[in-house]
Amino acid sequence: MPELPEVETVARGLQGSVAGRRILSVTLRETDFIDDPVAIERELPGRQIARVERFGKFMLLQLASPSAVSGPAAATTKLLAADAVQEALLVHLGMTGNLAPHFAGQPLAKHTHVTFVLDDGRELRYVDPRRFGRMAYLSGEALTAELLRFGAEPLLATAAEFSRRVRSSRARIKALLLDQRVLRGVGNIYADESLWSARIHPARSGASLKSAELGILLKALQKILREAIRMRGSSISDFVDAEGIAGDYQQHHKVYGREGEKCFRCRAKIRRIIVAGRSSHFCPACQRAPHRVKLAQKKMKRAGRRRASKR
DNA sequence: CTCGATCCCTGGACGC
DNA sequence: TGCGTCCAGGGATCGA
């Protein structure tokens, strides 16, 4: 499941392997995950991939304008701000997406939905069994508007702005971490890992959190994301990067996927509950439940006893 | 505003 | 071996 570190790993790989290449032609197969397939077929052929960057969980394949001179200079032009990008192919990997170059002669993997033929005998192929991904060609104001929907980059966010966004909401912190309008790029794994690190229960409301706690949480999140990027992401299910290499960070998960195992800090059993519709892994001893969760638990226990005594 | 529910989709795990 | 069922979760959407 590609989240920020996994997408960063793929984007860096593509920046190294396909930036500067020109797209000669496009072949689409399944298109239900593409915003406007016709626009892709119309706009991409003949265009040069100037640069590949990550934006939240998206990859932005920035396109050089058709008249631009190809070559190293064009490929290394640094994009300073999202609103400076004129045209781009947005690619979201969803749960099972993979975007990687292949030699043209190689057989097509099952679920290959998009093929971009490149000018060097390779093809950039998008493979996505579940099609939870998204692909869109956007330019100008439409591109700007799309990018503005998202919150701060987690690695660049300041404690003050993070704190402001979280504390003004009564939603649960787990939901807020997953909300791409608050921070862009955090998914289920890194939300759980950072909450464990900061000893915050996933069901705490944003408004209930102290600024100091949120400062610790953001620092923890940033440290975990940087570490995960260094290890090329977490490979659970079958994530591999643009070179086909698996990540290693899953070896370092402290709570994700460890239900029933012992907490590395206090040896209590890691629990899994559903928060914000997602599996949430946490240590019940290190991450204290908010009052209303405790009340709900008591209520359930009372109900359980009533049922038992009726028989 | 925030919630849960539902849907999208396939593959892997699991029980029988 | 095969078949049915459940689950994984990022995101959109809808009604409460």
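Mentor: Helices (H or I, at least four residues) and strands (E, at least two) are DSSP runs, numbered from the N terminus. The model is predicted: local features need pLDDT of at least 70, side-chain atom pairs count only at pLDDT 80 or more, and totals for chains, interfaces and linings use all residues. Residues are numbered from 1 along each chain as its sequence is written, while chains are lettered from A and ligands numbered from 1 in the order in which they are written.

Trainee: What percentage of the residues of chain A count as buried?

Mentor: Chain A has nine helices and ten strands. A residue is buried if 20 or more other C-beta atoms, placed from the backbone, lie within 10 Å of its own; 12 or fewer makes it exposed, and anything in between partly exposed. Of the 311 residues of chain A, the buried share is 41%.

Trainee: Why is helix 7 largely enclosed by the rest of the structure?

Mentor: Helix 7 spans residues 188-197. Its buried residues include Y190, L195 and W196. Helix 7 is largely enclosed because, of its ten residues, the number buried is nine.

Trainee: Which elements do the buried residues of helix 7 pack against?

Mentor: Contact means C-beta atoms, placed from the backbone, within 7 Å. The partners are helix 1 (4-17), helix 6 (173-178), helix 8 (211-230) and strand 10 (278-282).

Trainee: Which residues touch the most other members of the largest nonpolar core?

Mentor: A nonpolar core is a set of buried Ala, Val, Leu, Ile, Met, Phe, Trp, Tyr and Cys residues joined through C-beta atoms within 7 Å. The largest one has 74 residues, and those that touch the most other members are M59, L61, L99 and Y190.

Trainee: Where does the largest share of this core come from?

Mentor: Nonpolar side chains tend to be buried together in soluble globular proteins. Here the largest share is eight residues, and they come from helix 8.

Trainee: Is R131 buried or partly exposed?

Mentor: R131 sits in the loop between strand 7 (122-127) and strand 8 (134-139). Its phi is near 55°, a positive value in a residue other than glycine. Most residues other than glycine have a negative phi. With 17 other C-beta atoms within 10 Å, R131 is partly exposed.

Trainee: Which residues are closest to DNA strand B?

Mentor: A residue is near a strand of this kind if its C-beta atom, placed from the backbone, lies within 6 Å of it. In all, 13 residues surround DNA strand B, and the closest are P129, R130, S169, A171 and A175.

Key. Contact = placed C-beta atoms within 7 Å.
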